Amino acid sequence: MPKQTFILNGKAVTVNVHDDVRVLWVLRDLLGVTGPKYGCGINVCKACTSHINGRAFNPCSVRVGDLEKTDHVTTIEGLPRESKGAAENGGLHPMQQAWLDHDVAQCGYCQPGQIMAAVALVRQVRREGRTIKDKDLDGIRNICRCGSYTRIREAIEQGSRHM
Amino acid sequence: MSLLEHDLNDDTAAEPGGIGRRSFVGYVLAGTTLVAAADVALGSPARAASGVSGPQIADLYDLNDFVGDACLPTANLITVTVNQDGTASFALPRSENGQGITTSTAMIIAEELDLPVSKVHVTLADARPELVFNQLTGGSTTTTSTYTPIRVAAAAAKGALLEAAAARFGTEQHRLLARGGVVQGPNGAKATYGELAEAAASTHDRQVEVTLKDTGDFRVIGVGQNRLDARDAVTGKKTFTTDLQVKDALPTMVCRAPTLNGTPRRLLNRSRIAKMPGVRDIAIVDTGVAVRADTFGQCIDAVRAMRVDWAPGPVAGLSDQDVVNELKAAELPLAAVPDVPPLAQSVESSFVFHFRSNSALDTNAAIADVRADRAEIWSALKTPIAAQAAIAEAIGLPQGKVAVHVVQGGGSFGRRLFFDAALEAAKISKAMGKPVKLMWHRADDARVGRMHPMAISRVRATYSGRTLLAFQQSHTSVETDWRHGLGEMLTAKGADLPGGLGNLTFSQGIFAMTTVLPYDFAAKAQVMNETDTRFNTAAMRNVYSPDVRTAGELVIDQLAARMGLDPYQFRKQHLSNPRVLAVLDAVADAGQWGRSMKPGTAQGIAIHEEYKGATACLVEIDCRNKQTKRKIPDGVGGPRVTRVTFAIDAGLPINPRGLEAQMQGGINDGIAQALTSSMHLRDGHFLEASWDNYFYTRQWNTPPKVRVIVMPATTGTPGGAGEAGVAASMAAVACAYARATGTVPTYFPINHDGPLHFKVKSYVPPIPPSPVNGLKKTY
């Protein structure tokens with residue numbers, strides 16, 4: 001069986017698994033990293049949203065064989081590593097802290113994906129030299145079946161100011 | 001006088017029963033650390049709220065009844081434990097799915113025990129058959145049913161701590177003050193609860209009298225508290241069923257039939273499937289063909305490769321219109337209103353409410369480890385006792401040999417009232433002889449999982465001049481499955497009589513117990529009939545009320561128009577419940593009712609009374625082309641609700657911050673049910689198979705402006721929260737839509753009969769392929 005190597009939350013990992021197993025299952029079923037959640041398996045619910053080389057991606061829709069050895073995969077568990085200020089923030093990324101301050105989570109199942117998507121959205125908007133607007137928030141595709149959208153919007157606004 | 005002395009000397013303590021009653025019996029149980037207890041049925045309205053009539057339980061457990069009661073009933077006690085590290089722990093016999101009950105329960109314990117909320121650890125209890133009725137989570141009854149017993153247990157614990165402290169300090173209890181987990185005595189004497197826990201422990205079970213805190217002295221209850229599990233949720237540490245690591249419980253999925261509830265006859269390519277990468281085991285069960293593999297991804301591939309000979313399901317060939325016709329045929333006629341004045345007039349309308357999925361984001365899932373002599377189950381279960389009994393029966397073990405662990409659920413919305421995955425996982429584990437971690441694919445969770453039944457609701461309002469004579473409503477529904485009963489097998493069996501008869505009685509009981517029309521009509525009659533037992537249904541958040549109230553409020557608006565009154569003024573003039581009036585006025589004021597709105601946009605207002613509370617909702621909707629013509633990839637736009645003002649009087653709000661969150665969620669449910677989300681039945685199965693087909697509210701349809709007003713405490717006792725936001729929201733959106741477009745819809749959601757907004761996914765194979773293009777969609 002092929003060896004798959006990539007960098008997960010800052011550490012190189014190697015897994016023996018076929019190329020076409022999607023990254024989500026490598027993370028969850030083989031590596032025991034369960035922050036990214038299954039919600040659809042077809043990249044429409046976005047519950048598994050994580051980062052690849054700093055950009056949002058959905059591991060349910062990427063074959064592990066398509067990852068390069070040098071690819072940095074970051075899940076919610078590794079998000080604080082992406083923030084310089086995390087240490088003084090109790091080990092949390094500013095977006096996670098914003099989620100706490102706004103008491104966003106209800107059942108919490110979608111929230112790791114929501115936070116990872118929010119961080120990537122803020123970075124994307126910054127690359128475009130803008131700040132977050134209602135239209136950007138309207139474009140977020142992560143579903144929350146508890147309907148926590150109002151607080152998600154408020155938290156992103158706060159998180160974006162502290163990133 | 002200290003707080004404590006005031007408590008002990010309060011005269012109201014002697015009152016038996018009633019809201020003001022504060023004296024109860026608790027227990028200190030034998031143990032090495034302090035364990036205090038109360039009867040979980042104490043003061044519980046759960047039976048009445050669930051449709052089984054009975055006396056006020058508070059009366060049953062009157063203090064006087066206990067005097068001379070020689071036999072200490074330990075089996076059905078719930079216990080608060082004070083640990084030697086100064087924390088308190090409590091295993092809540094309910095199911096947490098996001099509604100916030102672990103946090104609100106910790107607050108209730110913290111309040112009565114005078115301990116910081118952060119030091120109270122609430123977990124979910126395993127199935128405890130001895131609790132009988134008292135382990136069902138539903139109908140927004142958790143806090144109304146557990147509020148008093150949990151306080152009694154916590155108060156008994158505090159009493160024991162004070163006793164121990166008094167002995168230690170050589171003083172009398174009334175000279176002590178408990179605050180923040182520390183007991184203070186005279187001359188600076190101090191001891192933490194942790195230091196006292198061992199001394200406060202009892203060598204034998206003993207009955208104690210407790211006096212609960214006066215509500216006026218509350219410091220925790222009524223003050224907004226962030227969720228205690230929030231940090232786990234935002235760091236990925238919060239654990240759901242499929243996150244659990246149970247030895248050898250490998251990923252398992254099921255291949256299901258191309259018609260709803262079809263059954264497998266034979267797997268035609270078993271040897272090919274068995275050789276697929278990662279595949280370990282295959283088993284045929286009554287619901288489909290199960291496969292166990294190293295990863296869920298390999299399960300998906302195996303399910304997609306299966307060729308199965310299927311027996312068709314019971315609704316093969318049926319479509320939406322067939323069900324509508326069935327419902328019309330079963331509708332109970334509206335009787336003629338007697339003694340109507342000659343000039344009386346009436347408004348009559350009928351509405352169709354289509355099937356809606358109660359699928360949560362965390363799909364049906366369970367871990368099962370079934371052995372020859374015992375079984376162990378893990379799942380998010382709102383009726384764990386009924387689940388335990390059904391599983392025991394299915395796998396041929398005594399109920400006591402089936403351990404059932406209740407796991408936190410990723411949403412429920414009614415879905416987890418049933419235990420479909422737990423039962424199926426147990427059967428698969430038995431058939432394979434191995435532990436399994438069963439997860440339903442989203443496509444199965446959407447199509448085969450339970451849903452809110454289709455219903456029609458006919459309303460007639462009769463009036464003369466400005467006098468309201470009669471309000472009649474005949475609500476007809478595909479059967480709502482209540483076969484989980486009250487969470488344990490006795491009532492579950494009662495609901496399972498032949499021909500759906502047992503269940504109909506149950507449904508009608510629930511309908512009668514939840515349907516209130518607060519308007520001042522001289523005569524009111526709301527009746528319900530159900531038909532067709534072939535679908536996979538269950539209660540969905542707020543059960544009958546969103547549909548019943550949407551139909552009712554739309555007719556109220558038509559009636560108001562006939563009388564030349566605006567919707568707010570009509571409601572103000574014809575409502576007499578002061579709590580309903582207060583929330584109505586609150587939203588009208590904060591939401592600027594009557595402000596000038598552009599053509600194609602409008603306000604809508606609605607009220608609702610349920611769960612010992614009152615709600616009102618004012619929405620603004622934009623139905624102009626710029627909204628309705630929006631192009632949303634893999635989704636729908638449609639009219640946009642732009643602003644919502646919502647008010648709730650929940651009697652005694654335990655956690656206003658959590659209550660606000662529940663209302664915000666309920667608003668999004670109401671919007672979805674009015675505008676976008678439904679299941680289409682076509683030729684024997686449902687079309688919608690994922691979130692790009694089933695249009696629950698998304699960010700592009702959620703209101704940019706939302707304000708929730710939590711009214712100050714009005715009754716001194718907590719009302720329901722989890723479901724309370726839906727009915728008024730859905731009704732207000734419908735009313736706003738009717739006013740903006742000038743057309744009263746006749747079916748919901750309003751986009752159901754339009755062209756489909758998605759390409760229907762395959763039935764064979766029953767689940768879609770896993771995409772490979774994820775790296776092209778990064779941002």
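Q: What makes a residue count as buried in this predicted model?
A: A residue is buried if 20 or more other C-beta atoms lie within 10 Å of its own. The model is predicted.

Q: Which residues of α3(A) are buried?
A: The buried residues are A:Gln111, A:Pro112, A:Gly113, A:Gln114, A:Ile115, A:Met116, A:Ala117, A:Ala118, A:Val119, A:Ala120, A:Leu121 and A:Val122.

Q: Why is α3(A) called largely enclosed by the rest of the structure?
A: Of its 17 residues, 12 are buried, so α3(A) is largely enclosed.

Q: What do the buried residues of α3(A) pack against?
A: In chain A, they pack against β3 (50–52), β4 (55–57), α2 (94–101), α4 (134–138) and α5 (149–162). In chain B, they pack against α8 (230–235). Packing here rests on contacts, with C-beta atoms within 7 Å.

Q: How does the span of helix α3 of chain A compare with the expected value?
A: Helix α3 covers residues 111–127 and reaches 24 Å from its first C-alpha to its last. The rule of 1.5 Å a residue gives 24 Å, and the helix is close to that. A:Gly129, with a positive phi near 70°, follows α3(A).

Q: Why does the radius of gyration of chain B agree with a compact globule?
A: For 779 residues, a compact globule would have a radius near 28 Å; chain B has 27 Å, so the two agree. The C-alpha trace of chain B spans about 80 × 75 × 55 Å along its principal axes.

Q: What percentage of the residues in chain B are buried?
A: Buried residues make up 58% of the 779.

Definitions and conventions:
Residues are numbered from 1 along each chain as its sequence is written. Chains are lettered from A and ligands numbered from 1 in the order in which they are written. This is a predicted model: local features need pLDDT of at least 70, side-chain atom pairs count only at pLDDT 80 or more; totals for chains, interfaces and linings use all residues. Helices (H or I, at least four residues) and strands (E, at least two) are DSSP runs, numbered from the N terminus. The expected span of a helix is 1.5 Å times one less than its number of residues. Two residues are in contact if their C-beta atoms, placed from the backbone, lie within 7 Å. The radius of gyration is taken over C-alpha atoms; the globule rule is 2.2 Å times the number of residues to the power 0.38.
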